[in-house]
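The briefing below groups its points by topic.

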Amino acid sequence: MKTFLIFFLLSSFVIAQNNKEHQQFSDDRPISIIENISHNLEILERDYLTKLSYRDYVRAKDLLIETYNLLLVIPLPPPPVPVEEGPFPISEEEFSGLVESIKNESFQENQLSIVQISSRYNYFTVNQVIRVIELFSFSDGKLTALEYLYPNVVDKFNSHQIINAFTYSSDKEKAQEIINK
């Protein structure tokens with residue numbers, strides 16, 4: 001009987017391979033393949049095992065259970081890692097270029113103009129905002145730069161670090177107001 005069942009399973013596999021072009025499987029992922037095998041075993045059990053004698057049915061059922069258990073131990077690939085969607089902060093290379101452009105300007109007004117233009121087209125991390133703020137000597141320049149950059153900060157959960165970048169308590173309060181807008 002065992003030989004008959006093995007022959008039957010193998011012949012079913014060969015027939016399935018020959019008819020594969022007639023079947024439309026959703027994909028060839030391991031999970032899909034296991035689901036298809038499991039489905040075929042259910043059909044085998046429902047349609048064919050019930051036609052066997054009781055003794056052969058018990059043997060065939062044991063083989064089916066063993067096959068189901070083997071399906072359960074097949075290692076599956078881990079689920080795909082979700083890809084983070086933007087916005088993404090400006091790259092370090094581009095940010096270094098921005099810092100150099102700001103440093104090359106002599107007047108604070110021109111420096112702030114560069115920051116304003118850059119803030120229209122880029123996103124920043126809190127650390128990058130702090131590095132830009134530190135380029136300005138006076139509080140009004142630092143606060144204006146923060147006003148331009150903060151709306152495009154991608155890691156706002158680190159905003160407390162920005163407040164610590166200011167020296168005077170009045171500047172810290174103004175920075176907090178900008179952050180809380």
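Helix 4 and helix 5 pass each other in a right-handed crossing, and the model in which they do so is a predicted one. Their axes, taken over residues 92-104 for helix 4 and residues 108-121 for helix 5, come within 8 Å and cross at roughly 155°. Because angles over 145 degrees count as roughly antiparallel, helix 4 is roughly antiparallel to helix 5.

**Helix 4 with helix 5**

- On the side of helix 4 the contact is made by Leu-98, Ser-101 and Ile-102, and on the side of helix 5 by Gln-111, Ile-114, Val-115 and Ser-118.
- Sorted by class, the residues of this contact between helix 4 and helix 5 comprise four nonpolar and three polar ones, with no charged residues.
- Two packed helices are described by the angle between their axes together with the distance between those axes.

**Helix 5 with helix 7**

- The axes of helix 5 and helix 7 come within 9 Å of each other and cross at roughly 15°, and the crossing is right-handed.
- Since angles under 35 degrees count as roughly parallel, helix 5 and helix 7 are roughly parallel to each other.
- Helix 5 contributes Gln-108, Leu-112, Val-115, Gln-116 and Ser-119, which meet Asp-140, Gly-141, Thr-144, Ala-145, Tyr-148 and Leu-149 of helix 7.
- By class, this contact of helix 5 with helix 7 holds five nonpolar, five polar and one charged residues.
- Val-115 of helix 5 is named in the contact with helix 4 and also in the contact with helix 7.

**Helix 7 with helix 9**

- Helix 7 and helix 9, the latter spanning residues 169-180, have axes that come within 10 Å and cross at roughly 15°.
- That angle makes helix 7 roughly parallel to helix 9, and the crossing of helix 7 and helix 9 is right-handed.
- The residues that make the contact are Ser-139, Leu-143, Leu-146 and Glu-147 from helix 7, together with Asp-171, Lys-174, Ala-175 and Ile-178 from helix 9.
- The contact of helix 7 with helix 9 divides into four nonpolar, one polar and three charged residues.

- Helix 6, which covers residues 126-133, is mostly covered, with six of its eight residues buried.
- The buried residues of helix 6 are Val-126, Gln-128, Val-129, Ile-130, Val-132 and Ile-133.
- These buried residues of helix 6 pack against helix 4, helix 5, helix 7 (139-149) and helix 8 (160-164).

- Asn-122 is placed in the loop between helix 5 and helix 6, and, leaving aside its neighbours within four places in sequence, Asn-122 is in contact with Ile-90 and Asn-152.
- The C-alpha atoms of Asn-122 and Pro-87 are separated by 8.9 Å, although the two residues lie 35 residues apart along the chain.
- Phe-88 is found in the loop between helix 3 (54-72) and helix 4, and it counts as exposed because its relative accessibility is 54%, where the cut-off for exposed is over 50%.
- Phe-88 and Tyr-123 are 35 residues apart in sequence, while their C-alpha atoms are 6.3 Å apart in space.

**Ile-31 in helix 2**

- Ile-31 is located in helix 2, which runs over residues 30-47.
- With a relative accessible area of 36%, Ile-31 is partly exposed, a class that lies between the limits of under 20% for buried and over 50% for exposed.
- Between Ile-31 and Pro-77 the C-alpha to C-alpha distance is 8.8 Å, with a separation of 46 residues in sequence.

**The chain as a whole**

- The protein chain has nine helices and zero strands, and its pattern along the sequence reads α-α-α-α-α-α-α-α-α.
- The protein chain has 181 residues, of which 28% count as buried.
- The protein chain exposes about 12,700 Å², and carbon and sulfur atoms supply 55% of that area.
- Among the contacts in the protein chain with a separation of 6 or more, 69% are accounted for by residues 24 or more positions apart.

Notes
Residues numbered from 1 in each chain as written. Predicted model: local features only at pLDDT ≥ 70, side-chain atom pairs only at ≥ 80, totals over all residues. Heavy atoms only, no water. Axes fitted to C-alpha atoms, helices over the stretch in contact; angles between N-to-C directions. Helix = DSSP H or I, 4+ residues; strand = E, 2+ residues; numbered from the N terminus. Parallel < 35°, antiparallel > 145°, perpendicular 65-115°, else oblique. Left-handed = near helix turned anticlockwise from the far one by under 90°. Contact = heavy atoms within 4.5 Å. Nonpolar A, V, L, I, M, F, W, Y, C, P; charged D, E, K, R; others polar. Buried < 20%, exposed > 50% of the residue type's maximum accessible area, 1.4 Å probe, protein only. Areas by Shrake-Rupley, 256 points an atom, 1.4 Å probe, with all protein chains shown as cover.
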